[in-house]
Amino acid sequence: MDAASPEGDAKSTEDLDPARRDAFAQALLHALAAHCPGSRAELKGSLARGTADAYSDIDLVWTVPDDRFDACVAAAGEVLEAVRPLDSLRTDPELQSSRERRLFFAAFRGLPLFWRVDLEIGAASVARPAGHDRAGLTADDDDWSRPASALANAVAATKAVLRGQPQTARGLLERGFRRIAAPDAVTGQWCADIGRLAEAAADREPGLRPLADRVLRLAGDHLAGADEEERGQGDGRGRRTGQG
């Protein structure tokens, strides 16, 4: 079934079947390559390495001819939207003026919040290997508003708890609270901690209320009753192998 079909839209946004994500990733790769003859679209990160788990996001690299770089950057949103409607599309501000490399962060309607798409567009003459992972970029590094960035941290923290990585989750939440100057402390009661961060972000930017509500549902669905002691060593539901 095509990832953008009506049947696909009818699925729960939190259906974490990896086959569904993999089919969607392949549809994105096909659309990117087809848009620009002579270009190459590939997986990178955990999907490329074969270490992805159900929570892993989708990392892509699109290598394009140098003389098509600007046109492909300009068309990226349209190409992605043709596969499935976008909820948001952001860019890495540090690369906004680069003529060699750009980085987009995309969230798609009807798909789990875990499955953000990170699309790197590179000019062929300076392209790095598809397996090269971007380093040092976190939810705080893109051009989202501070409250939106805090919500991204909340999603990443949920993923970390599910993977049995409590210290990572704690750090993400602490940075999220600092990001929006919220005087709060992380308690290790994960659902409550994530809920407070989501509510604080929505209070600071009311337009983010629909996204905050999705984050609240995400934590409630996956982490209800979980605390640091229960999740600290993993409980069989989290998986440690996937990265991304």
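Reader: What kind of crossing does α5 make as it passes α6?

Author: In this predicted model, α5 passes α6 in a left-handed crossing.

Reader: What makes α5 and α6 roughly antiparallel to each other?

Author: The axes of α5, residues 146-162, and α6 cross at roughly 170 degrees. Angles over 145 degrees count as roughly antiparallel. The two helices are therefore roughly antiparallel to each other. Their axes come within 8 Å.

Reader: Which residues of α5 and α6 meet?

Author: On the side of α5, the residues include Ser 149, Ala 150, Asn 153, Ala 157 and Val 161. Among those they meet in α6 are Thr 168, Leu 172, Leu 173 and Arg 179. A contact here requires heavy atoms within 4.5 Å.

Reader: Why is Ala 181 called exposed?

Author: The relative accessible area of Ala 181 is 61%. The term exposed applies over 50%, so Ala 181 is exposed.

Reader: How far apart are Thr 63 and Ile 121 in sequence and in space?

Author: Thr 63 and Ile 121 are 58 residues apart in sequence, yet 5.9 Å apart in space from C-alpha to C-alpha.

Reader: How many helices and strands does the chain have, and what share of its residues count as buried?

Author: The chain has nine helices and five strands. Of its 244 residues, 53% count as buried. Among contacts with a separation of 6 or more, 64% join residues 24 or more positions apart.

Reader: What is the mean pLDDT of the chain, and where is the pLDDT below 50?

Author: The mean pLDDT is 84, and 79% of the residues reach 70 or more. Over residues 1-11 the pLDDT is below 50, and this stretch has 15 contacts in the model beyond near neighbours in sequence. Over residues 230-242 the pLDDT is also below 50, and that stretch has 38 such contacts.

Technical notes
Residues numbered from 1 in each chain as written. Predicted model: local features only at pLDDT ≥ 70, side-chain atom pairs only at ≥ 80, totals over all residues. Heavy atoms only, no water. Helix = DSSP H or I, 4+ residues; strand = E, 2+ residues; numbered from the N terminus. Buried < 20%, exposed > 50% of the residue type's maximum accessible area, 1.4 Å probe, protein only. pLDDT = per-residue confidence, 0-100. Axes fitted to C-alpha atoms, helices over the stretch in contact; angles between N-to-C directions. Parallel < 35°, antiparallel > 145°, perpendicular 65-115°, else oblique. Left-handed = near helix turned anticlockwise from the far one by under 90°.
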